[in-house]
Amino acid sequence: MKALVTGASSGIGKEFSIILSNMGYDLVLVSRNETDLKKVAKLCKGNVEIYKVDLTKKEECVKLFNKYKDIDLLINNAGFGLFGSFDNTSLNKELNMIDLNIKAVHILTKLYLKEMISKDSGRILNVASSAAFLPGPLMSTYYSTKSYVYRLTTAIYEELRRIKSNVKVSVLCPGPVKTNFNKVADVEFSVKGLSSNYVANYALKKMFKNKLVIIPGFIPKLGMIASKFFPLKLVARVDYNIQKKKEVQDEK
């Protein structure tokens with residue numbers, strides 16, 4: 001069995017890699033950070049290959065697929081966030097985020113799904129976020145990208161069910177996790193984050209039980225419920241206040 005993990009150099013991706021190696025999977029670890037990939041590879045057992053790539057580029061996504069077509073498990077984990085009001089955030093950073101959080105996930109999911117359907121076997125785990133369920137003022141682009149991943153995966157699930165395919169898809173929607181995400185997004189979560197090891201273990205356990213939407217932790221589940229039962233404008237106002245607390249204050 002072989003698994004390909006994007007964003008494998010740190011955080012949840014790193015934990016996915018270690019856990020899967022202990023389960024006997026051969027691995028392809030993917031990231032832009034070759035140095036950290038090598039460090040993760042040393043923590044893994046069995047056959048491990050590392051692949052340095054910029055997934056924001058379509059041609060690089062296609063090249064990755066063509067090099068590693070024979071994959072039993074694809075984990076689309078690479079992504080990043082950005083904090084700030086929409087009128088003030090960097091357009092270039094947001095477009096890079098869309099390229100990584102949406103376009104790369106879309107391309108790799110499509111290419112590997114077609115391959116898996118032809119073999120009638122395989123799994124895809126797309127990493128979204130509990131952000132997928134909420135409006136996300138002050139992190140609007142990030143929340144929107146994760147909503148895309150959530151909707152795409154759930155739609156594919158129904159398509160696979162209709163054709164009675166043995167290919168399985170799942171989407172992971174964690175809340176705050178103790179990773180390097182906070183530093184990149186320039187936020188501080190007011191809610192204590194779960195450990196990346198816990199989230200990865202929980203996600204894989206539920207994935208292998210064919211769970212479609214995987215939500216570790218109680219608070220993210222509340223967020224999903226609130227998005228369904230409360231008026232959108234109210235949810236947006238509450239969400240804004242929660243987001244505002246994440247803002248990193250400059251030292252005076």
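A residue counts as buried under 20% relative accessible area, as exposed over 50% and as partly exposed in between, with a 1.4 Å probe and protein chains only. By that scale, Asp120, at 33% relative accessibility, is partly exposed. The structure is a predicted model, in which local features need pLDDT of at least 70 and side-chain atom pairs count only at pLDDT 80 or more, while totals for chains, interfaces and linings use all residues. Residues are numbered from 1 along each chain as its sequence is written, and side-chain values use heavy atoms, with hydrogens and water left out.

**Overall composition**

- The protein contains 9 helices and 9 strands; these are DSSP runs numbered from the N terminus, with helices being H or I of at least four residues and strands E of at least two.
- Of the 252 residues in the protein, 48% are buried.
- Contact means heavy atoms within 4.5 Å. Among contacts with a separation of 6 or more, 65% are between residues 24 or more positions apart.

**Packing of H3 against H4**

- Helix H3 (residues 58-67) packs with helix H4 (residues 91-119) at an angle of about 30 degrees, and their axes lie 10 Å apart. H3 is therefore roughly parallel to H4, since angles under 35 degrees count as roughly parallel, over 145 as roughly antiparallel, 65 to 115 as roughly perpendicular and the rest as oblique.
- Axes are lines fitted to C-alpha atoms, for helices over the stretch in contact, and angles run from 0 to 180 degrees between N-to-C directions.
- The two helices, H3 and H4, have a right-handed crossing, the term for a near helix turned clockwise from the far one by less than a right angle, with anticlockwise being left-handed.
- On the H3 side, Lys58, Cys61, Val62, Leu64 and Phe65 meet Ala104, Ile107, Leu108, Leu111, Tyr112 and Glu115 of H4. The contact of H3 with H4 comprises 9 nonpolar, no polar and 2 charged residues; Ala, Val, Leu, Ile, Met, Phe, Trp, Tyr, Cys and Pro count as nonpolar, Asp, Glu, Lys and Arg as charged, and the others, Gly among them, as polar.

**The buried face of H3**

- Glu60, Cys61, Leu64 and Phe65 are the buried residues of H3. Viewed down the axis of H3, they fall within an arc of 140 degrees, so they line one face of the helix; the arc is that of the directions from the helix axis to the C-beta atoms.
- An α-helix has 3.6 residues a turn, so residues three or four places apart point the same way.
- The cover over the buried residues of H3 includes strand S1 (2-6), strand S2 (26-31), strand S3 (48-52) and H4.

- Most residues other than glycine have a negative phi.
- Asp120, in the loop between H4 and strand S5 (123-127), has a positive phi near 55 degrees.
- Leu138 also is not a glycine and has a positive phi of about 80 degrees. Leu138 sits in the loop between S5 and helix H5 (140-162) and is buried, with a relative accessible area of 11%.

**Two serines in helices**

- Ser21 belongs to helix H1 (residues 11-22) and is buried at a relative accessible area of 5%. Leaving aside neighbours within four places in sequence, Ser21 contacts Leu27, Cys44 and Lys45. The C-alpha atoms of Ser21 and Lys45 are separated by 5.2 Å, the two residues being 24 residues apart along the chain.
- Ser118 lies in helix H4 and is exposed, with a relative accessible area of 58%. Between the C-alpha atoms of Ser118 and Ser165, 47 residues apart along the chain, the separation is 9.7 Å.
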